[in-house]
Amino acid sequence: MNAFVDPVGMAGHSGLTKGEVLLRVDNVSLSFGGVKAITNISFDILKGEVRAIIGPNGAGKTSMLNVINGFYHPQEGTITWRGQVRRKMRPYEAASHGIARTFQNVALFKGMTTLDNIMTGRGLKMNKNFFWQCLHWGPALNEEIEHRRKVEEIIDFLEIQAIRKTPVGRLPYGLQKRVELARALAMEPELLLLDEPMAGMNLEEKEDMSRFILDVNQQFGTTIALIEHDMGVVMDLSDRVVVLDYGRKIADGPPEEVQSNQDVIDAYLGVPH
Amino acid sequence: MDMLYNILIDPFVQMVDAPDFLIQVVWEGFVAGVLYALIALGFVLIYKASGVFNFAQGIMVVFAGLSLVGLHEKGVPAWLALILAIGIMAILAVCIEKFVMRPLVGQPDIILLMATIGMTYFLIGLGEVIFGGEPKQMITSELGLPTGSTAFEMGERGLVILQHIDIAAAVIALLMVGGLAVFFNRTRIGRALRAVADDHTAALSVGISLNQIWAIVWFAAGIVALATGIMWGARSDVSFALEIVALKALPVLILGGFTSIPGAIIGGLIIGIGEKIGEIYWGSLVGGGIESWLAYVIALIFLLFRPQGLFGEKIIERI
Amino acid sequence: MFYREAGQYKTSYAADQQIFPIRQDRIGIAVILVIALLLPLAASEFMLSAIAIPFLVLALATIGLNILTGYAGQLSLGTGAFMGVGAYSCYKLVTIFPEVNVIVHILLSGTFAAAAGVVFGLPSLRIKGLYLAVTTLAAQFFLEWCFIRIPWLYNYNSSGAIEVPGREVFGTLITGPAASGTARYYVVLAIVVVMTLLIKNLIRGRVGRQWMMIRDMDIAAELMGVRPLIAKLSAFAVSSYVCGVAGAMFVFFYLGASEPAVFSITLSFQVLFMAIIGGLGSLVGSFFGAAFIWILPILLRVGLPALGVDVAAETVFQVAQMVIGALIIFFLIVEPHGLARLWAIGKEKLRVWPFPYA
Amino acid sequence: MRMRTLLAGSVLVGLAASFAAPALAEDSVYIQLPTYRTGPYAGSGIHIANGMSDYLAMINERDGGVNGVKIAFDECETGYDTQKGVECYEQAKAKNTLVFNPWSTGITLQVIPKSSVDKIPVLSMAYGLSAAADGNTFPWVFNPPDTYWDGLSAIIKYIGDQEGGMEGLKGKKIGYIFLDAGYGREPIPLLDNLAQKYGFEVLQYPVPGKEMQNQSSQWLSIRRDRPDYVVMWGWGAMNPTAVKEAVKNRFDMSKFIGVWWAGGDEDARAGGAGAKGYKSVSFNNVGADYPALQDIKKLVVDAGKSHTPANTVGENLYNRGVVNAVYMVEAIRIAQEMTGKKVINAEDMRVGLENLKIDEARLEAIGLKGMIAPIEITCANHSGHHSLFIQEWDGEKWTPATDWFSPMTEEVTPILMQASKDYATSNAPWPTREDACPAN
């Protein structure tokens, strides 16, 4: 599983150029017991784009992200990642393949400080063994400091210097979301999955967050797949949108096109099926 | 080869050879299981209503038994001592609610668990200060409980002995479970209790007094403890060593699930019968005395295959 | 006024990542170490043998449990048994290889406890929370049974107990009945201080962060590339290693001889108390907790009669037990996160003293 | 605030005082009594503790101490817990106790290695490490009047008598139910030896310490295996439970024999009427009619100077506690005679114990004639293989079932010497005795 890990830095990056297919989902179905969460969905994500996944509540959006990063295993269908068909994959393998994500309900490590939370994102890239770790000296210390430097860059980028040593449990919600983004960025992912990054934020916070997402996409070239309810945000940020309803795909295309799709309008307005 | 025979064949040969003995073993396991189940029931009641894993249930058994016997020793008639013992458990319940549960509401599980361990320490000290450390005889006959035994002849040398007190224990356990089931399902307090179990905040918002409910639950657990104390006390005696036996309820709980009353009963019976059969037919292969851990290993193996316990629902992890 | 970090600037990440970034803390810890070093000059044999040595050893055991429960979030009730594994393996090592330095044996004995910890930690991959706690009881009782039932472990002694033979290091007797309290104290102090330091390093690095990730949110941790198998089992291994070393020291430097009953569930609870009262996930808390649970009852037992309170020995014992029980509840109510949190709050207050707010 | 400071201050002062050696008055010696009136073993421990302290108090009251030297004593609660036991030992050491009575096999094992270094004699009356009877190897440890091996051999001898001689044991099955700890396991090697020699079969039924009150498996197995006799090595809550289970399973009580520690009055009483016929080996008679016990009643118990319930004076374990105190008092007396000092120290006490001799005349003088057999400890033999007898529960109280008879010394001695040698080698370098015992 370590084949993709590059200990030096830009780990897991495939060398694909912008516009090539990074990930493709083919005919994926997922059910819990008898309940179908996702039915026969196919779409792709291109390298370098911002891909939005939208749909009403319970449409299967989060389940879709969970399938992509290996937390759920679909009963049917395949996922092709960087041109390779992926069989069953554990979440930590997905992480080492360069897939990072944030969560709908903030999933920060509550007992740790902001700095430590972001440092956890560097875990896969640190490889000094146990005994050096015990000594915290020599190579282990150098490694720690080298990664601290990276983390400080991300802290500067997201403007969270002031809360560096605050336990994340004490932070307001908007900042927690930002720390979570920082943590995902620290993994230097090739594909970043954002699950409702702006839920519960006020307008100003949303604007900040939108700016960060665009910057990440443009400055680092990170491919982003995001779930969002705020249509304005979706339309502004995304290159392409896939729309789910009741676990099925009902539309896929550029924002303007999706916006005028009758099925989408029906789904959001609640026309009976 | 011999070893395989001893493990795989011989125990069953023994069982078939002496069916009367097998019946006796199962019966003893059944009675022990009923008593484990009673202790477990006390745990379940409290866990259901307040999410507290009440480690003090064991010492509550001792405390209840000691109060009963101690009062009788002081010259109180048995029936009055029983009523007073129930009263003491009520006072204890109110005190626990007021001084431990209420200030700790909303704390994580482990903190509440620790608080009950603290209570265990306190009650051991208190019990010894009041009643002294020496073991006491349970006042079985004074309470009108049967003491004799009935023997059934089976075949030539076969003999099954049933202690009346054990039968009484089984009957009382059944009655208590039945009573609790009625209490939970048919009474207003019972329904409120279930509401609390589902969601504390929601229960509060519809006007249920958590404090009152908790006091009632601890009291109910106290009565279960008293019944357990009487029954187990009649089997050995009432002493602080009994507290250790209560640890046996833990594997029962993980087998049956922390929140299921039928789970506690069935788990208790599985553990009770399983460990007796294991000890008697297989224990001698490793020198005996395996009862001290067999129950835990049974529970552990079981959990590996069904992490949610016997009656729990399948856990779907979400994020 | 005195405890203030104003003006102490950090110019490098290394400086910022020290264990004690604040100068006053560094001075404080130095003072404590000096006091610890000088203690044998002032203390009686009773203080060293019955208070200081077991306190340090139990603090180390608490640190061991804290790694597992406080940092990796896996509740364990099997600490006593893991300490026992350490003690018995150390006894075997010392009797099989008598010529090797006993301190080497003590440090080695932890690896056997670590192995036991890994085996009994396997269920943690599927079982969580209180359920896991109960399964660790299986380890507790099974291992306890082994200590009685495998006579090889105690060299077939007819008494079923293990006795600590006398061993010298650099010409000074440090184990066995003839070893002086002072010698034993210094060895214990050295091992505890060094191990605490190593563990502190482990915890503030990658390994420790992995444990805390599993503790705080195991699913998110896995999605961030932590392998639960490795993280959980490494926590079990390190924790049991530390507990095993503590167990070996408990017998070799404190008890002097031991029977299986020493490593009973009571010891497991005692250490768990220390961890929780001190504060889960805090190394300094482990010392506070050990002091609270070990030293306070002794003070009560010795202190009450000395105050002229004329009561029977067992009453003192019982009252001490009640007081401990009540104090546990009291502390949980006042500060559920343990003495370590109280200490932290105290330090924060001190930083702005004499002003209530900064 | 001032109150608190004051309190803290006084605690500290008190502590400092208690850690220092107590300022002894000119004419007193100090003995610490480790006891356990709490915990799972309190049922047995309380009576022992009462017996010990009441006798010492009586000596102080009646005689003003031993030859005018008062015995200052206090209890230290161990709860039968080894950690607390070690704490008590350290405390006793700090306060210069004359002798340490651990009253727990576990604690005895802990303190044996320390005793020779700290020069405090350990008196473990009929418990602890059997091998310690070898005075050459264990000059500081005393376990009179008998070791567990003596006790076991006496029980087997008794069973042999019941079967019409030792050859009657051939082909018999003897069950051994025991507390699964060092205490219960120690007799097993001798039991196996004897089984081989006399051709009987031994069936073992261990009772884990945690399962003391949950013995139905063991007794079901006993029912299945139908042993001819059952021998019990139990203590604390294990005993009454075992007696109850035996009654419940209709085991012939006259063939159920316990060690002396399974012979408490409450142990037998738990079985109710069915317990009649239960036996235990013993080295002291019951009853309160002995003059010394009458003195205790009059001067201590009835005078309200003890918390002993008057009706328990004379019970088996109480009297045994008295015996333990008698050994100590007599040893002090002998030590005083031998050293010529009035106020002796722990090293003198060891000499006293090593020359302890209570003959019939002395027993008469003490006022315990008939309660115990005469005893003599020698330099080489710290236990003595003294005579024992079997007592039987008649439903109300213990009554002697046999006369005093001696254990199978010839069987016990080799295994004892071997064990003592093993102990010394496995704990090498074990300190050798400075003044070797004269060869006899």
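In the predicted model, the axes of helix α12 (residues 261–282) of chain B and helix α8 (residues 216–225) of chain D come within 10 Å and cross at roughly 45°. The crossing of α12(B) past α8(D) is right-handed. On the side of chain B, the residues that meet the partner helix are B:Lys276, B:Glu279 and B:Ile280 of α12(B). Their counterparts in α8(D) are D:Ser217, D:Leu220 and D:Ser221.

Helix α5 (residues 148–162) of chain D and helix α15 (residues 409–426) of chain D have axes that come within 9 Å and cross at roughly 150°. Angles over 145 degrees count as roughly antiparallel, so this description applies to α5(D) and α15(D). As α5(D) passes α15(D), the crossing is right-handed. Here D:Trp149, D:Asp150 and D:Ser153 of α5(D) make the contact with D:Glu411, D:Val412, D:Ile415 and D:Leu416 of α15(D).

Chain D also contains helix α9 (residues 238–248), in which 11 of the 11 residues are buried, so that this helix is largely enclosed by the rest of the structure. After α9(D) comes D:Arg250, which has a positive phi, near 55°.

Nonpolar side chains tend to be buried together in soluble globular proteins. In this model the largest nonpolar core comprises 459 residues. The members that touch the most others are B:Ala37, B:Ala40 and B:Val217 from chain B, together with C:Val57, C:Leu60, C:Val242 and C:Met249 from chain C. When neighbours within four places in sequence are left aside, C:Met249 is in contact with C:Val57, C:Ile106, C:Val188 and C:Ile191.

At the level of whole chains, 5 pairs are in contact, and chains C and D share the most contacts of these. Chain A and chain D, by comparison, are joined by no contact. The closest C-alpha atoms of chains A and D lie 32 Å apart.

Confidence was examined for chain B. The average pLDDT of chain B is 84, and 95% of its residues score at least 70. Among the elements of this chain, helix α4 (residues 78–101) has the highest mean pLDDT, at 92. The lowest mean, 72, belongs to helix α8 (residues 200–205) of chain B.

Technical notes: Residues are numbered from 1 along each chain as its sequence is written. Chains are lettered from A and ligands numbered from 1 in the order in which they are written. This is a predicted model: local features need pLDDT of at least 70, side-chain atom pairs count only at pLDDT 80 or more; totals for chains, interfaces and linings use all residues. pLDDT is the predictor's confidence in each residue, from 0 to 100. Helices (H or I, at least four residues) and strands (E, at least two) are DSSP runs, numbered from the N terminus. A residue is buried if 20 or more other C-beta atoms lie within 10 Å of its own, exposed if 12 or fewer, and partly exposed in between; C-beta atoms are placed from the backbone. A nonpolar core is a set of buried Ala, Val, Leu, Ile, Met, Phe, Trp, Tyr and Cys residues joined through C-beta atoms within 7 Å. Two residues are in contact if their C-beta atoms, placed from the backbone, lie within 7 Å. Axes are lines fitted to C-alpha atoms, for helices over the stretch in contact, and angles run from 0 to 180 degrees between N-to-C directions. A crossing is left-handed if the near helix is turned anticlockwise from the far one by less than a right angle, and right-handed if clockwise. Angles under 35 degrees count as roughly parallel, over 145 as roughly antiparallel, 65 to 115 as roughly perpendicular and the rest as oblique.
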